[in-house]
Amino acid sequence: MPPRTHSAWSRTLGQLALVLGVGLMLGFATGHVWPVLALTALGVVAWHYWRLRKLLVRLTSRRHMPLPQGTGVWNELEGLLHEQQDDVRNRKRRLVAMLRAYRAAAAALPDAVVVVERNSQRVQWFNEAATPLLGLRYPQDIGMPLGERLQPLQVAHWLSRGRHAEPILDAPSPVSPDMRLSLRLIPYSEELWLLVARDVSKMMRLEHMRRDFVANVSHELRTPLTVVHGYLDMLDPDEQPEWAPMLKEMQHQSQRMTQLVEDLLTLSRLEAQDGVEEDAVSMASMLATLKREAEALSQGKHAISVSDEAGVDLCGSTRELHSAFSNLVSNAVRYTPAGGSIDIRFARDADGVALSVRDSGYGIPPAHLPRITERFYRVSTSRSRESGGTGLGLAIVKHVLNLHQARLDIHSEVGRGSTFSCHFGNGRVLARETTQVGAPA
Ligand code: ADP
């Protein structure tokens, strides 16, 4: 007990003793000891009831009541309760102010923010931007199922994936299909999710313009390059032997430019595609073609092996898959010094099949791996140029695999070699047919 409370308690006991003492003396003076003492005790009890009532009034009152003056235990009790009430009121005020500030910040965000109840997928709260971006209206949409309110946008299935829901990078807004949105689902507590939608229309338009620009420039470059290439081929180095090294270099560079333009056009075509053809891709023919190409590129400098352990075919675009695989094979040959080995293997794995290209070449330092599939990203620019690389090969591989819902895994050790594996899910696996069709040329 704190000293202040202790002294109040002692003072009240002292007062009680004093009152009972005075009652006793009065009793003796009047000759009626017991009745006077009983009356005094009754008075003390009544006074305590009166203080108890005052305390109840203070506790239930919504008004701010002044602190009572005095030193007894009841005053001490009221004082303590008054302090606690003040403390709670202040805390409440601070919390409300904080909550208002958070709500105001969320409301002022340019992105749409919607709080969704996890189990029922019903809307709990949304900010102002959710109205122009998602078409949600206050108050009628509070408590409504979000999937239903965002129609014709099909998000019910996506919402049900919860923390496993991948962000949607480009989707039409329910308000207008011209407005493009990126959607992200953030589970922020056991019961609540946050849906954040951002207007990416401007970014998408710019991206579209960039793609068109690259595709048009590449296309325009193709014809003049073909002409230059054609004339260079017609020039005979034997007629002017002193020009032979220059001619050779010019031919080499014009070939490199042609390859660059072709790769840029391939990338533009892949970027513009939403899906791929669903051919039955004959993997036996594909592997035979890859072997032939590897041998032609290597010109006997590497030991090349091909193994087909899966015994199945793939469903997808023969042309695009061939382009991806042959890029991996060409890299393996170009980044493996003479005398090294290259193994192409098609085998089943845990959840589908994988085509992997393993080499015993230079390898890639781990720091470069996260960016290796970006266009024009090279570990060594000089080595890439020397070997005739355009810096677009792995970007093409990544795009082709994305279109087939497949993934690229890269394992590499500097000085020991690299393995590039393309993993296809079971949905892309086809039982092998006896008559093979759709083999790449
Ligand atoms: P490039 O046309 O330059 O080969 P890619 O996109 O195909 O472009 O590859 C990007 C970079 O990744 C290359 O420049 C090279 O440094 C590295 N790389 C790709 N494949 C291999 C490999 N099998 N071994 C070592 N490095 C590789």
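Predicted model: local features only at pLDDT ≥ 70, side-chain atom pairs only at ≥ 80, totals over all residues.
The ligand is surrounded by 21 residues. Tyr335, Ser384, Thr390, Gly391 and Leu394 are the closest of these. By residue class, the shell holds nine nonpolar, nine polar and three charged members. Three secondary-structure elements each supply at least two shell residues: helix H10 (318-334), helix H12 (393-403) and strand S12 (417-425). H10 gives the largest share, three residues.

In the side chain of Asn331, an N or O atom lies 2.8 Å from an oxygen atom of the ligand. Two further contacts are made through the backbone. A polar backbone atom of Gly391 is 2.7 Å from a ligand oxygen. Gly391 is also among the residues closest to the ligand. For Val379, the distance from a polar backbone atom to an oxygen atom of the ligand is 3.2 Å. On its own, the ligand has 520 Å² of accessible area, and the protein covers 98% of this.

Leu20 counts as partly exposed because its relative accessibility is 33%, a value between the 20% limit for buried and the 50% limit for exposed residues.

Conventions
Residues numbered from 1 in each chain as written. Heavy atoms only, no water. Buried < 20%, exposed > 50% of the residue type's maximum accessible area, 1.4 Å probe, protein only. Near = heavy atom within 4 Å. Polar contact = N/O pair within 3.5 Å; in protein donor to acceptor, adjacent residues only side chain to side chain. Areas by Shrake-Rupley, 256 points an atom, 1.4 Å probe, with all protein chains shown as cover. Helix = DSSP H or I, 4+ residues; strand = E, 2+ residues; numbered from the N terminus. Nonpolar A, V, L, I, M, F, W, Y, C, P; charged D, E, K, R; others polar.
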